[in-house]
Amino acid sequence: MEIQRTGAALSVGHHDAELDARLSSGLDEINFPATGTTAADQGTLSVKAVDEAGELIGGLSAWTWGGLLGIEMLWVRAESRRDGWGARLLLAAEEEARRRGCDRASVSSFSFQAPEFYRRQGYVETGRTLGIPGGAEDVHFSKELS
C-alpha cells in the first residue's frame, strides 16, 4: 500500500532490512550524544549449545550497549528443558557481558513462557506490557551483574 500527499509518500509492507539499517543509524545520531556512548560501545552476542550429533539444544541472542546486556531470545528444545541448559546459556551470556564491561542485564518474557525461570536466575520484575495475544502479558526483568 502506498499513500501520496504533497509530494511525499508513505508505504506499508513487510520487513525491510534497508529501512531497519537507516532507522538504526538515525537513532544512533540521537542516542549516542544523549547517552555519552559510541558505536564502539555496542555489540551483539550469541550463545549456542549443540548435542553430540551437532543438533541444536538451544541458544541465546543478545546485544550489549554502554554497560547493558539486552537479551533478545533464549530458547531450549523441549526435551532438554529440564537439563539446566537455559541456566547455562544465560550464565554464559552474563559472563561474556561482564567481560565486555556490562554491569546490568534486561530481558522480557511472555507470561506463558519463562518468567519464573528468570526469577530463579536472580532477575527482578520491572514492569509488564498487557494485551499480548491469548490474554498474556510481556513481563520485563532486570538484573545487576556486578
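**Close-up views of a predicted model**

**Figure 1. Arginine 104 stands opposite glutamate 144 in strand S8.** The model is predicted: local features require a pLDDT of at least 70 and side-chain atom pairs count only at pLDDT 80 or more, whereas totals for chains, interfaces and linings use all residues. Residues are numbered from 1 along each chain as its sequence is written, and side-chain values use heavy atoms, with hydrogens and water left out. Strand S6 (residues 104-110) is joined to S8 by 7 bridges, and the two strands run antiparallel. Strands (E, at least two residues) and helices (H or I, at least four) are DSSP runs numbered from the N terminus. Two strands pair if DSSP finds at least two bridges between them. Strands of a sheet pair through backbone hydrogen bonds, either parallel or antiparallel.

**Figure 2. Six strands form an open sheet with mixed pairing.** Across the sheet, the order of the 6 strands is S3-S4-S5-S6-S8-S7. Its edges are strand S3 (42-50) and strand S7 (124-132), each of which pairs on one side only. From one strand to the next, the twist averages 20°. Such angles, from 0 to 180 degrees, are taken between N-to-C directions, with axes fitted as lines to C-alpha atoms, for helices over the stretch in contact.

Figure 3. Contact means heavy atoms within 4.5 Å.

**Figure 4. Strands S7 and S8 form a hairpin.** These strands run antiparallel and are joined by 6 bridges. Isoleucine 132 has alanine 136 in S8 as its bridge partner. Between the two strands lie 3 residues, and glycine 134 in the turn has a positive phi of about 80°.

**Figure 5. Aspartate 28 is buried and has no salt bridge.** Aspartate 28 lies in helix H1 (residues 17-35). Buried means under 20% relative accessible area, exposed over 50%, and partly exposed in between (1.4 Å probe, protein chains only). The nearest side chain of opposite charge to aspartate 28 is arginine 22, at 9.0 Å. Here Lys and Arg count as positive and Asp and Glu as negative, while His and the chain ends are not counted. A salt bridge is a side-chain nitrogen of Lys or Arg within 4 Å of a carboxyl oxygen of Asp or Glu. If neighbours within four places in sequence are left aside, aspartate 28 is in contact with Pro33 and Gln42.

**Figure 6. Phe117, Tyr118, Tyr123 and Phe141 form one aromatic cluster.** Rings of Phe, Tyr and Trp (its six-membered ring) pair if their centres lie within 6.5 Å; planes under 30 degrees apart count as stacked, over 60 as edge-to-face, and the rest as tilted. By this rule the count comes to 4 aromatic pairs. The ring centres of phenylalanine 117 and tyrosine 118 are 5.0 Å apart and the planes lie at 75°, so this pair is edge-to-face. Tyrosine 118 also forms an edge-to-face pair with tyrosine 123, with 5.7 Å from centre to centre and 80° between the planes. Phenylalanine 117 counts as buried because its relative accessibility is 15%. Tyrosine 118 is buried at 5%, and tyrosine 123 is buried as well.

**Figure 7. Arginine 119 forms a salt bridge with glutamate 116.** Side chains of opposite charge can pair when their charged atoms come close. In this pair, the closest N and O atoms are 2.6 Å apart. Arginine 119 and glutamate 116 are 3 residues apart in helix H3 (residues 115-120), so about one helical turn separates them. Arginine 119 is partly exposed, with a relative accessible area of 29%, and glutamate 116 is partly exposed at 47%.

**Figure 8. Arginine 128 forms salt bridges with glutamate 125 and glutamate 137.** The N to O distance is 2.7 Å for the bridge to glutamate 125 and 2.4 Å for the bridge to glutamate 137. Arginine 128 is partly exposed at 40% relative accessibility. Glutamate 125 is partly exposed at 32%, and glutamate 137 is partly exposed at 23%. Through salt bridges that share partners, Glu116, Arg119, Glu125, Arg128 and Glu137 are joined into one network. The count of salt bridges in the model comes to 10.
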